[in-house]
Amino acid sequence: MKVRTRSTAIIGTLCLVASLALTTASADEPAAARQAPKVALTKVTTAANPSAGAAGPGGTVWVAERAGTVRVLSSQGLSDPVLDITKETTTDGERGLLGIAFDKKLAHFYISFTDLEGTSTVDEFAVRKGKIRPETRRTVLTQTQPYANHNGGDIKFGPDGYLYIALGDGGSGGDPHGNGQNLDTLLGKLLRIDPRGAKPYAIPADNPFVGDPEAKGEIWAYGLRNPWRFSFDSGTGDLLIGDVGQSDWEEIDRAPADSKGGENYGWSQMEGNHPFRGGTEPANHVRPVYEYDRTGLGCSVTGGYVYRGKAIPGLRGQYVFSDYCDGTIRALRFKDGKVTGASDLGVNGGEVISFVQGGKGELYVLDIGGSVYRIDPA
C-alpha cells in the first residue's frame, strides 16, 4: 500500500519524492482523438482513510477504511460501519484493510487485510438481502509477509468467476529474497483461485502452473513488485495492473481477455522496460503497455479502470489511473491492445490510493486523506 500524508493523512513507507513524466500521444494519432474529455471531481462523502472499494447491492458502493471498517455509500450518504475488524489488523507500514470484493451474484463478500502479525489474509462472508452475515465468516487464504511493505492486497473477481488476489514481493527494497521470479512462493504474484470450489479454496485446473512440482498452482502471473491495484475491463475482459516501481519507473501491465495466464512481468530482473540493478531481461518477459519515470512528483502508480460508464462518452474505453504522490487523474487510449496516447484529465484527487467502479460503470476516486470523489462530466 502507498500511504504518505500531508497534515491529515497517514505516514507510510513506500513513497519517495520523485516525478511524473508521461508518454505523449503518438505522432500519427488524430488531433481530435488526443483531446482529453472534460471531467470534474465531485466530492460525494468523507471517510476515515478510505483504502479500497467495490460495487455493492442495490447500486451502492462499499468503502473500506484502512483501519478495518467498511461503510456503505448510497444516495442517503455514508453509513455506519457494516463491518469492523479494527481489533484484528494494524496500520503500521503499509498494512491494514487493503481490499474488498463481491462475487458476481453479490452472495459473498471478501476482505483482504493484514492481521496483527502482518500476515496477508483473505476472509469470506455470506451476504443475505444486501447485509453481511458475520457468523458465516471463514478464512480463505493466508500468506506470511517478511516485511511491512509491498503487501499488495487488492482482490477482484474476474469475468471467469474466479477470485484474483494480488500480492507484493514481500517488501524491503530490491526484492532481497528474489520472490518476483520464484514460482515456489505466492509473493510477487497475481493469484487465481476458486473460493467456493473447496475448503478453504480450490485451484482452477487450467491455472498455468498446475501440475508443475516447482511452482505454486495458485499463481496466474508473476514478476510483480507491488501490484497495488488491478482491474478487469468490463467491456473486453482484459486485465490491467498498476505495478509500483522501485526507484525509477512506474508501470502498467496488461493481459488480454483470452490469456491462459503465466505472464512474467519481469520484476526484479526488470523495472518497467529497464534492467534493474544489472538484471537480465527474462526471455518470456511481458513488457508493460505503459511506463513513466520519476522526474517530477510521481512516485507510486495507482491503477484504475477502463471507463465503461455513460456519463462521459468521450472517456469510454480509456484506462483511468493516477499516482499516489502526484494525484493527477490521467487516461490511456488503446488500440489493438497497445497504448496510442495519454491524457491529463485536468483534475487532481489528492493522495489517490484507489479507484472504485460503481455498478453502472461510473468511477470513484479515493484520497487516503478522506475524500471520496466521483468522476463526472465537467
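Reader: How many bridges join β23 to strand β24 (residues 338-348)?
Author: Welcome! This is a predicted model, in which local features need pLDDT of at least 70, side-chain atom pairs count only at pLDDT 80 or more, and totals for chains, interfaces and linings use all residues. Residues are numbered from 1 along each chain as its sequence is written, and side-chain values use heavy atoms, with hydrogens and water left out. Strands (E, at least two residues) are DSSP runs numbered from the N terminus, and two of them pair if DSSP finds at least two bridges between them; β23 and β24 run antiparallel, and the number of bridges joining them is seven.

Reader: Which residue of β24 is the bridge partner of leucine 332?
Author: The two strands form a hairpin with two residues between them, where aspartate 336 takes a positive phi near 55°. Leucine 332 pairs across to β24, and its bridge partner there is alanine 342.

Reader: Which glycine in the turn between β22 and β23 has a positive phi of about 80°?
Author: Strand β22 (residues 319-323) pairs with β23 in the antiparallel sense over three bridges, and valine 320 has alanine 331 as its partner. These strands form a hairpin with four residues between them, and the residue with that phi is glycine 327.

Reader: Which residue of β16 is the bridge partner of arginine 229?
Author: β15 and strand β16 (residues 239-243) pair in the antiparallel sense over four bridges. Six residues lie between them in their hairpin, including glycine 237, with a positive phi of about 90°. Arginine 229 has as its partner glycine 242.

Reader: What is the relative accessible area of phenylalanine 230?
Author: In strand β15 (residues 229-232), Phe230 and Phe232 point one way and Arg229 and Ser231 the other, and all are buried. Beyond residues up to four places away in sequence, phenylalanine 230 touches several residues, among them Tyr164, Leu190 and Leu240, where contact means heavy atoms within 4.5 Å. Phenylalanine 230 counts as buried because its relative accessible area is 2%.

Reader: Which residue's backbone oxygen does the side chain of threonine 302 reach?
Author: Threonine 302 sits in strand β21 (residues 301-306) and is buried, with a relative accessible area of 0%. At 2.8 Å, its side chain reaches the backbone oxygen of valine 352.

Reader: What length has the polar contact between the side chains of threonine 60 and tryptophan 62?
Author: Threonine 60 lies in the loop between β2 (50-55) and β3 (61-65), and at 12% relative accessibility it counts as buried. A polar contact is a pair of N or O atoms within 3.5 Å; within protein, one must be able to donate a hydrogen and the other to accept it, and residues adjacent in sequence count only if both atoms are side-chain atoms. The side chains of threonine 60 and tryptophan 62 are joined by such a contact of 3.1 Å.

Reader: How many residues line the largest pocket?
Author: On a 1 Å grid over the protein atoms alone, a pocket is an open set of points where a 1.4 Å probe fits, with protein on both sides within 12 Å along at least five of seven lines; lining residues have an atom within 4 Å of a point. Those nearest the centre of the largest pocket are Ala55, Phe102, Lys104, Phe157 and Gln357, and the lining residues number 25.

Definitions and conventions:
Buried means under 20% relative accessible area, exposed over 50%, partly exposed in between (1.4 Å probe, protein chains only).
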